[in-house]
Amino acid sequence: MKIFNPKLIMIDVDGTLVDSAPDLAYCIDELMKVMNRTPWGEAKVRHWVGNGVPKLVERSLTGEFEANVNKQDFNKAYPIFLELYSVNTSTRSCLYSGVKEGLNYLKQQGYILGCVTNKAKQFTLPILKDLDIFNYFRLVVSGDTLAKKKPDPLPLLHSAEFFNINPQDCLMLGDSISDVAASRAAGFEIICMSYGYNHGEDIQNANPDLVIDSMAELKDYL
Ligand SMILES: O=C(O)COP(=O)(O)O
Ligand SMILES: [Mg+2]
């Protein structure tokens, strides 16, 4: 049943469009070697993705989700990670199955599409271009585009305002509790992908409007 009728759809990157964890985990583990630490492996890193690159580095240095990082460690590690990730942005990353099909469907239906991510702009644009989906989006809002990132509603409110569309007529596609919180606070509807990175938690628990297993399913609801 077609239960959504938005004018604008803002789509998250990591865990929604792109399985970026293999590159992020590779870079974190290379960083751990430089810092004389034990590598964490991809499974652990998957749980840490979603709150931006600085947070990911902090979590890797402390081994904890609510990281209380030593400033000196962070100041040494952060530029090393940026260097590593800038040459490993999309080497091992790929689109999830159904993404191209879903994007083509939405485009063909005439929806305005934008991209909203907590990833820094210097990585967002190359990843979208390398994976050949950049041209679907009329707006890209990255983690460092504005003063605040998701779960703050600012990136979504900014996007609605950019297109002069009422937030009540907007939908977000995401994968994490930050996407749900940002959407609720902005007044957007929210559909989540079941396969993403929600810090190891089932995204159903965050009560999005709908959870789907593939973007190819979007044609059933929009
Ligand atoms: O944490 C990140 O760097 C990006 O995460 P997001 O694309 O899911 O917002
Ligand atoms: Mg995400």
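Two exercises on the ligand site of a predicted model follow. Local features need pLDDT of at least 70, side-chain atom pairs count only at pLDDT 80 or more, and totals for chains, interfaces and linings use all residues. Residues are numbered from 1 along each chain as its sequence is written, and side-chain values use heavy atoms, with hydrogens and water left out.

**Exercise 1.** Determine which residues surround ligand 1 and which polar contacts reach its oxygen atoms.

Solution. Start with the shell, taking a residue as near if one of its heavy atoms lies within 4 Å of the ligand: the residues found include Asp-12, Asp-14, Asn-118, Lys-119 and Lys-150. Next, look for polar contacts, that is, pairs of N or O atoms within 3.5 Å. A polar backbone atom of Gly-50 is 2.9 Å from a ligand oxygen, a backbone N or O atom of Gly-52 lies 2.8 Å from one, and a polar side-chain atom of Thr-117 lies 2.6 Å from one. Finally, turn to accessible area (Shrake-Rupley method, 1.4 Å probe): ligand 1 taken alone exposes 290 Å², of which the protein buries 96%.

**Exercise 2.** Classify the shell of ligand 1 by residue type and by domain.

Solution. Count Gly among the polar residues, and Asp, Glu, Lys and Arg as charged; the shell then divides into two nonpolar, five polar and four charged residues. With bounds from an automatic or database assignment, domain 1 (8-19 + 93-220) and domain 2 (21-86) each contribute at least three residues to this shell.

Notes:
Chains are lettered from A and ligands numbered from 1 in the order in which they are written. A polar contact is a pair of N or O atoms within 3.5 Å; within protein, one must be able to donate a hydrogen and the other to accept it, and residues adjacent in sequence count only if both atoms are side-chain atoms.
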